[in-house]
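Visitor: Hi! I'm new to this one, could you show it to me and walk me through it?
Guide: Happy to, here it is.

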Amino acid sequence: MATKAYRKIYTKLESITKATVSLRASDVSNEELAVVGGRLAQVVKTRGDIVTLQVFAGTEGVPTNAEVTFLGAPPTLKVGEQLAGRFFNAYGEPIDGGPEIDGEERQIGGPSVNPYKRRQPSELIPTGIAGIDLNNTLVSGQKIPFFADPDQPYNQVMADVAMRADVDKIVLGGMGLSNDDYLFFRHAFEGAGALDRIVSFVNTTEDPPVERLLIPDMALAAAEYFAVDRNEKVLVLLTDMTLYADALSIVSNRMDQIPSKDSMPGSLYSDLAKIYEKAVQLPAGGSITIIAVTTLNDGDITHAIPDNTGYITEGQLFLRADSDTGKVIIDPFRSLSRLKQLVQGKKTREDHSQVMNASVRLYADAQNAKTKLENGFDLSDYDLRCLEYAKDYAVNLLSIDVNIKIDDMLDTAWKLFAKHFSKAETGIKQALTDKYWPER
Amino acid sequence: MNSTGKVIGIVSNLVTIQTDGPVAENELCYVYLGDTGLLAEVIKVNGDKAFVQVFESTRGLKNGDRASFLGRMNEAELGPGLLSSIYDGLENNLATMEDIFLRRGERTEPLDRNRLWEFKPLAKAGNKVVAADWLGEVMEGWLPHKIMVPFSFTGEYTVKSVKEAGAYNVDTVIAVLTDAHGEDIDVTMVQKWPVKIAIKSYLEKPRPQKIMETGVRVIDSFNPIAEGGTGFIPGPFGCGKTVLQHAIAKQGEADIIVMAACGERANEVVEIFTEFPELVDPRSGRKLMERTTIICNTSNMPVAAREASVYLAMTICEYYRAMGLRCLLLADSTSRWAQALREMSNRMEELPGADAFPVDLSAIISNFYARAGMVVLNNGKTGSVTFIGTVSPAGGNLKEPVTESTKKAARCFYALEQNRADQKRYPAINPVDSYSKYLEYPEIKEYLEANVENGWVEKVLTAKNLVRRGKEANDQINILGDDGVPIGYHISFWKSELIDFAFLQQDAFDKVDATCPFARQKYMLDLLLDICDRKFDFDSYEDCRTYFKEMINTLRQMNYCEFEGEDFDKYRKDLNTLLQQNGN
């Protein structure tokens with residue numbers, strides 16, 4: 001860049017908050033990066049000659065005479081094949097002791113794909129987990145979060161899904177990961193011998209929270225390189241998006257914005273959508289699939305973060321501890337894959353969607369029976385059978401430790417139906433019961 | 001000479017411009033990033049400072065960058081070729097863009113300038129005409145697309161000449177009109193209209209006269225929407241809003257469908273333009289895409305253009321309405337548009353209303369819904385715009401500003417319910433809370449009496465009441481226990497389940513069940529009411545449950561079969577056998 005030769009240094013800050021600083025400066029462009037007292041910052045507002053910068057590392061110890069230089073460009077990532085197998089921080093700098101990436105420098109948070117150029121997702125991503133494959137089938141190009149309480153093993157489940165998924169590259173975006181979880185991912189990837197197809201961008205709890213804001217865009221810039229330039233199938237893992245949203249609210253709060261629901265910024269929906277909508281099936285065969293984690297506060301999905309997420313993503317996978325069986329299950333009521341009908345019965349067996357619906361409906365009957373039981377009422381024969389079925393269903397299909405093929409899941413479900421119910425009680429189309437109902 | 005200006009402040013996509021002359025509220029301008037003009041709209045003026053919302057990313061913009069005002073508001077370009085197209089909120093044709101990614105500042109023509117249309121004159125020299133009168137027509141696929149006197153023309157004109165029949169492109173002058181002062185004005189096939197202003201070039205807007213069929217039982221029979229009516233679908237995520245809207249788009253009894261994907265998922269738009277060119281409209285036999293236009297501002301596209309997208313969609317509907325067509329506008333979701341308003345209001349540091357939404361939200365929403373309706377055109381023919389919007393209430397709580405404002409404006413309310421969705425009872429429209437005000441309209445009642453049967457509305461209300469009574473009975477059973485209530489409570493509950501499973505629920509993914517014509521709806525409702533009219537006798541609530549479950553299963557099998565086909569009749573007979581065992 002020609003302008004690089006001469007850079008003006010400013011040394012007088014007008015105001016400082018925990019996350020932002022303001023100063024008088026000229027010729028500054030919107031979203032441009034700057035360095036404030038050695039820390040990276042980004043322009044978020046200009047008014048007259050007053051420029052407000054968001055300081056990613058926080059402003060602790062920044063003096064009013066800190067040196068400020070503007071870098072002339074928004075945040076970038078160097079992309080190339082060498083990204084594979086590497087670990088980076090939120091600025092795209094290696095943290096694994098390896099060399100700098102020598103590649104093309106690209107702006108992160110770039111433009112969106114023309115909707116007309118997208119293709120309809122149609123490739124099934126099998127995970128072996130019946131709570132996903134049977135009830136909430138994943139499709140490449142989909143975006144879907146796990147909704148889980150902080151004590152659920154969501155990172156483990158996500159790592160399992162990633163290792164089993166048939167994809168070319170996996171990009172991990174870790175936001176506010178505990179050091180233990182960071183090492184868990186590292187070991188899981190190394191143990192599976194999959195390190196060469198994984199790129200990781202990690203911000204741990206030891207790093208400043210505002211830095212997290214860069215992680216999803218970094219991860220997705222890398223994903224877009226592999227999916228668009230290399231036509232590869234890319235799976236992006238984002239954990240934990242709740243911490244990302246918390247960082248957003250910190251910045252908006254420091255900028256005196258009026259908060260909307262749950263003290264989140266009014267733009268939360270658009271901010272999250274910009275990330276999740278990067279999931280895409282491209283015409284040339286490449287795809288980006290996003291699996292994220294949104295941690296909940298005591299299962300509350302009406303909080304602004306999960307609520308906005310649910311309206312953006314193509315379903316959600318709800319993790320819940322099942323007290324009847326002691327298993328962690330994928331809750332069939334609250335979980336949903338919106339794209340499942342694109343593959344169910346098309347890429348899988350014809351009975352898939354009817355079996356899924358019937359099994360969930362009967363599980364709902366079991367919940368009603370349970371309520372009755374808890375309220376001290378007598379149970380009917382049907383209620384008792386439902387309760388037995390529910391246990392079998394939770395252990396053999398809903399539990400996250402299940403790892404079988406989809407046809408086996410369907411066969412298992414038919415066996416459970418035959419064990420506990422009559423054909424009429426399942427309400428499945430007769431053509432299918434004629435064909436699949438197991439003989440005793 | 002239009003004003004120009006200089007950028008003096010930037011917060012996200014709100015840019016402040018120091019102007020050198022007059023600017024109008026809602027006037028468009030370009031803010032220049034190098035040579036690329038980013039389109040923006042004036043949303044507030046203070047002294048010589050104009051606050052503009054930029055429709056694209058403002059990354060890289062600097063204070064001091066120049067701006068030039070265009071002297072006009074955001075206008076839709078209207079003419080043959082709109083149908084089957086896919087536009088962004090500013091009417092750029094997305095299909096003719098080359099890149100995979102949307103490039104900033106890229107603009108494409110809404111209408112194909114070179115395509116030739118077979119023109120046929122309808123007016124003659126010497127005719128007196130006013131705005132929206134038909135001058136000629138071209139065949140836009142199957143549709144006789146009227147070329148009209150532009151809506152912006154006021155007063156009476158005399159036709160001086162009309163082009164003879166032939167093939168012309170849209171920019172050809174097809175008529176010359178003389179105004180009251182004797183001045184000649186050229187008219188082409190294209191006209192422009194500011195999207196935020198309602199097109200009112202018609203004689204009158206009477207009350208709705210008939211219902212619009214959707215093939216969805218719980219809508220058509222229980223809560224019908226009128227042709228030219230308004231309705232809205234609020235619901236938490238995962239309750240089937242999108243599936244329901246797509247079902248209405250596929251099956252709705254309309255000539256033209258405009259779908260505004262406003263701040264929603266891109267893959268949902270992909271689904272439409274992948275499937276609609278394949279699917280056939282059973283009423284016309286044509287491909288669905290031939291009657292559909294998509295306006296697409298997905299959630300990752302510029303926030304400021306969300307508002308523009310719903311107005312553009314409405315303007316296109318009003319344009320086709322003026323040709324005497326029945327148009328259906330589906331907007332998913334109006335909450336995203338409201339949120340876009342909130343983001344801007346927030347950046348302008350306005351005093352917020354409830355939930356930080358702007359205080360005039362309610363007025364904006366009701367103004368928009370008011371643009372729907374059936375109208376009588378200058379030539380006595382009728383046209384209509386039916387509008388159904390979805391609302392995405394935060395946390396599924398219907399006591400929030402967008403839902404409440406919409407409830408005041410829309411006449412039909414289709415409340416999607418989490419509980420029903422959890423139980424996979426789709427469509428998850430709550431049968432008790434939902435309503436259609438049109439059932440109370442004498443005009444609609446008359447229409448239903450004449451076209452369905454005498455006493456139809458009473459039948460519907462009877463069925464609704466059975467569902468309500470069943471729900472109450474179920475509440476009692478839950479409180480007192482299965483044994484704690486008389487058997488009649490169980491029978492009452494299972495009668496409501498019968499109506500729920502066999503009528504209210506409908507499988508949108510089953511070829512046969514997905515769409516249910518009115519004749520079939522009437523057959524099923526008659527059958528169900530006949531069953532519910534019978535007296536049943538059971539020894540225990542267990543027997544009652546088993547018996548009704550069997551009946552429900554048989555009725556559901558009927559729903560999956562070709563109407564009055566062989567299988568259908570077989571299940572009908574099974575049902576009769578069941579009814580002979582009990583019930584008289």
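Visitor: Leaving aside neighbours within four places in sequence, which residues is Ala313(B) in contact with?
Guide: Those are Val258(B), Ala260(B), Ile295(B), Leu329(B) and Ala331(B). Being in contact here takes two C-beta atoms, placed from the backbone, within 7 Å. Before we go on, this is a predicted model, where local features need pLDDT of at least 70, side-chain atom pairs count only at pLDDT 80 or more, and totals for chains, interfaces and linings use all residues. Residues are numbered from 1 along each chain as its sequence is written, while chains are lettered from A and ligands numbered from 1 in the order in which they are written.

Visitor: Which residues have the most contacts inside the largest nonpolar core?
Guide: Ala313(B) is one of them, along with Val258(B), Ala260(B) and Leu329(B), and that core has 178 residues. A nonpolar core is a set of buried Ala, Val, Leu, Ile, Met, Phe, Trp, Tyr and Cys residues joined through C-beta atoms within 7 Å. Buried means 20 or more other C-beta atoms within 10 Å of a residue's own; 12 or fewer is exposed, and in between is partly exposed.

Visitor: And which helix gives the most to this core?
Guide: Helix α4 of chain B, residues 304-321, with 12 residues. Helices (H or I, at least four residues) and strands (E, at least two) are DSSP runs, numbered from the N terminus.

Visitor: New topic: how many residues of chain B are in contact with chain A?
Guide: There are 62 of them, facing 59 residues of chain A. On the chain B side, α13(B) gives the most, with eight residues.

Visitor: What does Val270(B) touch?
Guide: Not counting residues up to four places away in sequence, Val270(B) touches Pro115(A), Arg118(A), Arg119(A) and Gln120(A). Val270(B) lies in helix α3 of chain B.

Visitor: Why does Val270(B) count as buried?
Guide: Because Val270(B) has 22 C-beta neighbours inside 10 Å.

Visitor: In which sense do β5 of chain A and β1(B) pair?
Guide: Antiparallel, over three bridges. Strands pair if DSSP finds at least two bridges between them. Arg47(A) stands opposite Gly9(B) there, in β1(B).

Visitor: What's the strand order in the open sheet of chain B?
Guide: The order is β10-β13-β15-β16, with antiparallel pairing. The edge strands, β10 and β16, each pair on one side only.

Visitor: Last one, what is the mean pLDDT of chain B?
Guide: It is 94, and 100% of the residues of chain B reach 70 or more. pLDDT is the predictor's confidence in each residue, from 0 to 100.
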